[in-house]
Amino acid sequence: MSDFLKKARVAEQQMRALFPATPLLRNDHLSAKYGADIWLKREDLSPVRSYKIRGALNAMGKVLAADPSREVFVCASAGNHAQGVAYVSRHFGVKGVIFMPVTTPQQKIDKTRIFGGDNVEIRMVGDYFDDTLAAAQEYCAAEGGHFLSPFDDLDVIEGQASVAAEITAQLGRDPDMVVLPVGGGGLSAGITRYMGEVSPDTALRYVEPAGGASLRAALRDKHPVKLNKIDSFVDGAAVAQIGGYPFEILAHTDPDHVLAAPEDRICTTILDMLNVEGIVLEPAGALSVDALADLRDDIRGKTVVCVTSGGNFDFERLPEVKERAQRFAGVKKYFLLRLPQRPGALKEFLNVLGPDDDITRFEYLKKSARNFGSVLLGIETSRPENFEVLYTQLDEIGMTFQDITDDEVLAEFLV
């Protein structure tokens, strides 16, 4: 047994001081949908609703074991890592100084404060995370605090490997496949190393948000690279550059085993799990389940474990999630319509709408001395094919329109 394996198992046992093993539950809905034996490792049911508490506990515990006089721990985070550090700071009775961007939602700030109580100090610095991180590191240098990285730390990786220790014990057999979400790489690296020793025949698949595919970029260039642009919607996994230590473990991954999950499709998965199963997943927490759609042919008849990494979902985001899910499913679209400026033109347009078509947005800009007015139009329907009927009828009455649903610039500006 390797030193890493021993330490990961010790870390797993130390978790019991804070919380019982998170459940590994068979999901009948997903199993029937994909013709497989699908199990969910419910990290969304930890005390802080994510796996981040594991790495924080292991790393902080090791620092204190080496230096019991250490009193201050520092992190920079707008989400799950902040909550994990806060919870563990209170557990050990040390001070946690947590730097968060000014733009962090109040709900996340409040939860971090609740978990940490009097043991945490929250500092709001910077509009963007890079500014927040720089401020946290400057504070460490000036005050002598210990900086706790969310993923680029060997002790954090070791702590996250405790997820794999629980999976193997709870399932009682080797799964055929484990599907892992990837952000900075701490969780995926820890589970990869553990499963490689304990269950070498288990296939591993990695899922990144399409707008933050830092692992694939690193595999392409053979070293971690910083993405020029990321889509921050999957905020728990949209990382511009995978960690150096995690990449050392993941460097030999087959690029074909790294999947990119479209952000809008992730929204359909969030809603499906919420509406059908009553399971609340944040976007990053839904990554592994969302990837099953791409793995359908590979997993049929097999035992598959999906790690649902977090459930810190702000329900104020639900309208956006529903909107993006509808657009991905093709049942909601946005148009720019040239409407003739003559009596009866609006009625003529309304008459071409089908019984399942619903207008969700209508903004009409009438300009004098012009024969046409521009309309920003949103339409929701029950089936994607209803739009083909609508297009045909608009052509027949001679109305010009432009579908801007997938035009990122126009849609972001107008919608």
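Helices (H or I, at least four residues) and strands (E, at least two) are DSSP runs, numbered from the N terminus.

This is a predicted model: local features need pLDDT of at least 70, side-chain atom pairs count only at pLDDT 80 or more, and totals for chains, interfaces and linings use all residues. Residues are numbered from 1 along each chain as its sequence is written, and side-chain values use heavy atoms, without hydrogens and water.

Because 10 of the 13 residues of α4 are buried, the helix is largely enclosed by the rest of the structure. Buried means under 20% relative accessible area (1.4 Å probe, protein chains only). Among the buried residues are N80, H81 and Y87. Contact means heavy atoms within 4.5 Å. The partners of the buried residues are tabulated here.

| Packing partner of α4 | Residues |
|---|---|
| β3 | 72–76 |
| β4 | 95–100 |
| α5 | 106–116 |
| β5 | 120–124 |

Helix α3 is also one of these partners. After α4 comes G93, with a positive phi near 75 degrees.

H81 also lines the largest cavity, together with K52, G55, A56, L148, S149, P150, V156 and Q160. On a 1 Å grid over the protein atoms alone, a cavity is a set of points where a 1.4 Å probe fits but cannot get out; lining residues have an atom within 4 Å of a point. Helix α3 gives the most to this lining, with 3 residues.

Notes: 1 Å grid on protein atoms, 1.4 Å probe; cavity = no way out; pocket = protein on both sides within 12 Å on 5 of 7 lines; lining within 4 Å. Buried < 20%, exposed > 50% of the residue type's maximum accessible area, 1.4 Å probe, protein only.
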